[in-house]
Amino acid sequence: MSGAGGPLSRSGLRGREAELAELAELIASVARTGSGGLALVRGEPGIGKSTLLAEAVAQARAAGYSAGAGKADELHHIVPLSSLAACVLHGDRPLLSGDAFADLARHHDQRIWLVERLAEVIEARAGSVPVLIALDDVQWADPLSRFALQQLPARLRTSPVLWLLAGRREPAGPAEEIVAAATGHLPATTVSLGPLSGTAIAQLAGDTLGAAVDARVRDLLDGAGGNPFLAVEMLAGLRTAGRAGTPDDLVPQGLVVGVRGRLKSLDPGTLRFLQMGAVLGRRFGFHDAAALCGVPAAALIPALEEAVRAGLLDDDGDHLVFRHDLLRQAVYADIPPSARKALHREAARGLVTGGGRAVDAVPHLLRGALPGDEEAVELLRQAADAVLPVTPGLAADLMTRALELVPSARPLRFAVGEQAVHCLTRAGRNREALATGDRLLADRPPPEEFGRLQAAVGGTLWSMDLAGELRRRAEAALALGGAAPETEARLAGLRALAMSREHDLVAARETGESALRAATAVGDREAHVLALSGLGEIAQNAGENAIALERFAALSAIDAAFLPEEIVAHLHMDDFEAGERLLGRATDAGATRQAMLLWAQGQHDWGLGRLDDADADFVTMERLEDEVRVCVQQVNGRVIRSRIALLRGDRDGARDHLAAARERLDAKPNPGNTAAVRFLEALHAEADGDTGLAVDRIRHVQREGAFMRWRLLRDSAGSAVRIALGGAAPELAEDLAAQAEAHAGRNPAVPTAGGVAAQARGLVRNDPVTLAHAVELLGASPRPLVRAAAHADLGRALLAAGRERQAVAALTYARDAFAGSGAHAEAARLRRALEGAGAPGGRGAAAAPRPVQGWGALTPSERKIARLVAQGHTNRSAADLLVVSPHTVNTHLTSVFRKLSVNSRVQLANLVMGLPDD
């Protein structure tokens, strides 16, 4: 810490020796263990956080770290990733070049994708040298940097990456959120700085004044309250007064703990220059301040020189910087509030006219714009558009403010409101979006604006699973008339989308075809997307898999964000090869909607009987959805994870997933989710031996709609028939079999559909011949678990018919197929059936359950990833080799570290090196 005339102490760290030692130990630990760590330095303004942080960074560099340090700014906290930019762009060896960083921020519009790319860059550097990333004033970090800081420490916990943050005390502020997110994943330390002791303050005074400190100086320093910055300001005043030869007037009149008194001693022109700089922010341009002062830059050179000489500003050649935030705040506080507003508004105008972006002007607009300022509204709208892809919550806040600035009588209010509804919906703030839209609609806008607002609210209603209300509103807007053709086409597409959830899918299809014709005629992209989405959903719900694939492929061609829907449509056609190709292409291209892509990957692995991989996919999907706070497939993901646990014999885990599915169903109670949970309850009841409850749950599924309507359940028709027959409900079993046969008739090119239909019919008839036909049909199906279940049903029927030899062959196939997929509970049941039949293969030892800890606890995928990482691969390079998402690699790696009880890649490599090849 420095004053007006140079260093105030040898290190500027008087009284902070213990705290510095704590940070030094963490620096050494991260380098020694090869695993991550995080420290938050917390305290009041001026307490010495920045100085301690700077000293820790210097020590880390001396210890061989690649270090990047940055500082968030109170008035520049809007631009996405601006706070972290300095951390990765500067330092002895910057992690990213300026061009690479600009490309990262400019070309990719997904928070998850962007954070993963940052993680890859840091991880690659940490492969050769420990990395330190330090951010000061984290309480002012921009939203995207805060999001990244909540994800990156845990993501990089197995690499030698140390995160040092400094911030003010805020009970629920950004710093606390970051620490909370890291806790449990890596060592996270909070270093709280309190007031300096009297001894330390006296040492500071001695360092500064170079002489013994008398009682009068000690009394003055008592006013600093142990705050080193305030003490420094007082000491700087004392030293300056001593040099001026006026020892009898040591402290300028009116000095309030050193700061404001120093300002009062400045020339009025210098103070005004500082005030303009304070409006612009802690770091500002000389020409920008001159423009705000309304004078040529040359005329302000004396003011600049005095401010620098007084130790208030530093000049780094590109910008001027207030030496401490407290100095800027003290200057800023002396500007009358009304003047502040006007100056901020003028600063925003100057930034934009000088070629700056709208988002750069936003902090000033938020402080200076007044109602009726349409220029400010337009700039806020532009800024919201710019940040929406990566920080939708910020975009929603900006549009909410923009709407507040538009008087209710202005027509502009409806266009601004429409954009606000879109942003709020994207941010997951659906209730707020709906309320905003309804307030605007209550003002009786003209027909075109009414239609556009209803279309915007329609997206909100769809997100809220309010399909009936969506249809009602779309039809009301269409009946009103008077909207532009593209608006009516969008409303028609929304109406079709809403009708996809209804029972009359024939009428829904007709509505969708009409909407698609209208969208094509007007050439409106959004209307086209809505119509194809509706038609795809209608075809899927009708069980017309080929038509659904056609619709979703067309949709994906228009908007690649819908690639997951196309992939799943291929899976419903039993075309897993095409699905895998598209998954690989999406991974290579850095596709958007990463969570939905993981849903498609999970469906792919579940269908192929890769239970371990599917479970990891759904874990990752849920984590990504939680991170962006947009939960779409969490109910279905938990349903499948519970079914996986049942197949493995993990009854406790299966119950936990069922409870989680029910909890998530409360938030998204659409018919498909409800049917999936009711069927899962039926499976649990069957496993518990409660056949009555199991049948009741199947009937509950049918109350939501015909069983085969629910795409997640279609391959399980055999299980549903088995439950119905076991619960003495033959009429239910007959209905389910008939549904399966009708579904097969709609999908003659899908082997699984035909095989499942024959399986269901064979169970109803208790006919080995029909069940054998099912097994034959399913020979062309790529779904091993469905094939295994059909073989098991055939084996049991053959046993009942006294045909033991053929029964043993079918049961043995089923046992081996289930065991090969990790479905150990099903394999054990079949092993018991084989033992009962006296089959030699049935008397063999049961496969030992996978251990909980150690190398043997790892799944095949986890072993592959462990070996790749031990060889030096990053998550990205391992993902590329395995053709999976880096997010999935991270999930597997987390499991590897837990099962092997290691904390770093170095420890993993040492362990793996001592193991034989698999």
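Trainee: Leaving aside neighbours within four places in sequence, which residues is Thr436 in contact with?

Mentor: Thr436 is in contact with Leu403, Val421 and Leu424. Contact means heavy atoms within 4.5 Å. Before going on, note that this is a predicted model, where local features need pLDDT of at least 70, side-chain atom pairs count only at pLDDT 80 or more, and totals for chains, interfaces and linings use all residues. Residues are numbered from 1 along each chain as its sequence is written, and side-chain values use heavy atoms, with hydrogens and water left out.

Trainee: Why is Thr436 called buried?

Mentor: Buried means under 20% relative accessible area, exposed means over 50%, and partly exposed lies in between (1.4 Å probe, protein chains only). Thr436 has 5% relative accessibility, so it counts as buried. Its place is in helix H21, residues 430-441.

Trainee: What makes a run of residues a helix or a strand?

Mentor: Both are DSSP runs, numbered from the N terminus: helices are H or I with at least four residues, strands are E with at least two. By that rule the protein has 46 helices and 10 strands.

Trainee: Why does Arg678 count as buried?

Mentor: Its relative accessibility is 19%, and the cut-off is under 20%, so Arg678 counts as buried. Arg678 lies in helix H34, residues 671-687. Beyond its neighbours within four places in sequence, Arg678 is in contact with Leu665, Arg697, His700 and Val701.

Trainee: How do you know that Leu830 is buried?

Mentor: The relative accessible area of Leu830 is 1%, therefore the label holds. Leu830 sits in helix H42, residues 824-836. Setting aside neighbours within four places in sequence, its contacts are Ala792, Arg796, Leu811, Ala814, Arg815 and Phe818.

Trainee: How far apart are Leu830 and Tyr813, in sequence and in space?

Mentor: They are 17 residues apart in sequence. C-alpha to C-alpha, the gap is 9.7 Å.

Trainee: What makes S6 a paired strand, and which way do its partners run?

Mentor: Two strands pair if DSSP finds at least two bridges between them. Six bridges join S3 to S6, and these strands run parallel. Five bridges join strand S5 (residues 131-136) to S6, also parallel. Both counts meet the definition, so both pairings stand. Val41 stands opposite Ala166 in S6. Val131 has Val161 as its bridge partner in S6.

Trainee: Which residues of helix H7 are buried, and what covers them?

Mentor: In H7 (residues 174-182), the buried residues are Pro174, Ala175, Glu176, Ile178, Val179 and Ala182. Their cover includes strand S3 (37-42), helix H6 (143-155), strand S6 (161-167) and strand S7 (188-192). Just after H7, Gly184 takes a positive phi of about 95 degrees.

Trainee: In what order do the strands of the open sheet lie?

Mentor: Three strands form the sheet in the order S8-S10-S9, with antiparallel pairing. The edge strands are S8 (283-284) and S9 (313-315), each pairing on one side only.

Trainee: How do you know that S9 and S10 pair?

Mentor: Three bridges join S9 to strand S10 (residues 320-322). The definition asks for at least two, so they pair.

Trainee: How many of the protein's residues count as buried?

Mentor: Of the 918 residues, 57% count as buried.

Trainee: Where does pLDDT stay under 50?

Mentor: pLDDT is the predictor's confidence in each residue, from 0 to 100. It stays under 50 over residues 1-11 and over residues 241-258. Where pLDDT is low, the predicted coordinates should not be read in detail. Across the protein, pLDDT averages 89, and 90% of the residues score at least 70.
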